[in-house]
Amino acid sequence: MRLLLVEDHVPLADELIAGLGRQGYAVDWLADGRDAVYQGASEPYDLIILDLGLPGKPGLEVLREWRAGGLATPVLILTARGSWAERIDGLKAGADDYLTKPFHPEELALRIQALLRRAHGLANQPQLEAAGLQLDEGRQCVTRNGQEIELTAAEFRLLRYFMLHPGQLLSKSHLAEHLYDGETERDSNVLEVHVNRLRGKLGREVIETRRGQGYRFSGVSG
């Protein structure tokens, strides 16, 4: 999953980028509201984490411009402003959730997971489940019939994305855009390797290849 972090406090941004990277997210970082208006609307992010006190353009204005332009990407506001009035302003502007600084990293992780599930119509699931698989996002592994299957970091990222989009046909370019940040080389051959390794662990039927089109997480386990 590819996230955009808009935060001008560099030490916090560094900490969040490192933590979110360990959780299997690809993170692009911006520190200026003017840059965020353009990039948030033009790149295919799965979720945006937005600070309110930004240079260039305040976070609330950025959010209002995104929503006015039709951007539906989930937005989680991070701010030191904890008053109820500002929470309401953020939600009215189109925020999906609100987290006040300081916060515990685990709470941020759980809120992100919940927002992503909700965005894909899976809000009632406490964890991702599909094709008889249960994904443990905290431990980055998957279980089936009570048996734990170990995953590499790359396999976990790919499987999580498939499980959030069951039955959907996903091209290689689409997967690369959502699994890697803007600085990472997007090699379709590497993607094929990870798909084949997942098939080796989960069964070939779980991920279907449509020649010339991409992959589909079939929802059928072997």
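**Close-up views of a sheet and a cavity**

**View A. An open sheet of three strands has the order 10-12-11, with antiparallel pairing.** This is a predicted model, in which local features need pLDDT of at least 70, side-chain atom pairs count only at pLDDT 80 or more, and totals for chains, interfaces and linings use all residues. Residues are numbered from 1 along each chain as its sequence is written, and side-chain values use heavy atoms, leaving out hydrogens and water. Strands here are DSSP runs of E with at least two residues, and helices are runs of H or I with at least four, numbered from the N terminus; two strands pair if DSSP finds at least two bridges between them. Strand 10 (169-170) and strand 11 (207-210) each have a single partner strand, so one side of each edge strand lacks a neighbour in the sheet.

**View B. Strand 11 meets strand 12, and helix 6 packs on the sheet.** Four bridges join strand 11 to strand 12 (residues 214-217), with Ile-207 opposite Phe-217. Helix 6 (residues 153-164) touches strand 10, strand 11 and strand 12, contact meaning heavy atoms within 4.5 Å. The direction of helix 6 makes about 70° with that of strand 12 (lines fitted to C-alpha atoms, for helices over the stretch in contact; angles from 0 to 180 degrees between N-to-C directions).

**View C. Ala-154, Arg-157, Leu-158, Leu-179, Tyr-180, Leu-191 and His-194 line the largest cavity.** A cavity is a set of points on a 1 Å grid over the protein atoms alone where a 1.4 Å probe fits but cannot get out, and lining residues have an atom within 4 Å of a point. Helix 6 gives the most to this lining, with three residues.

Definitions and conventions. 1 Å grid on protein atoms, 1.4 Å probe; cavity = no way out; pocket = protein on both sides within 12 Å on 5 of 7 lines; lining within 4 Å.
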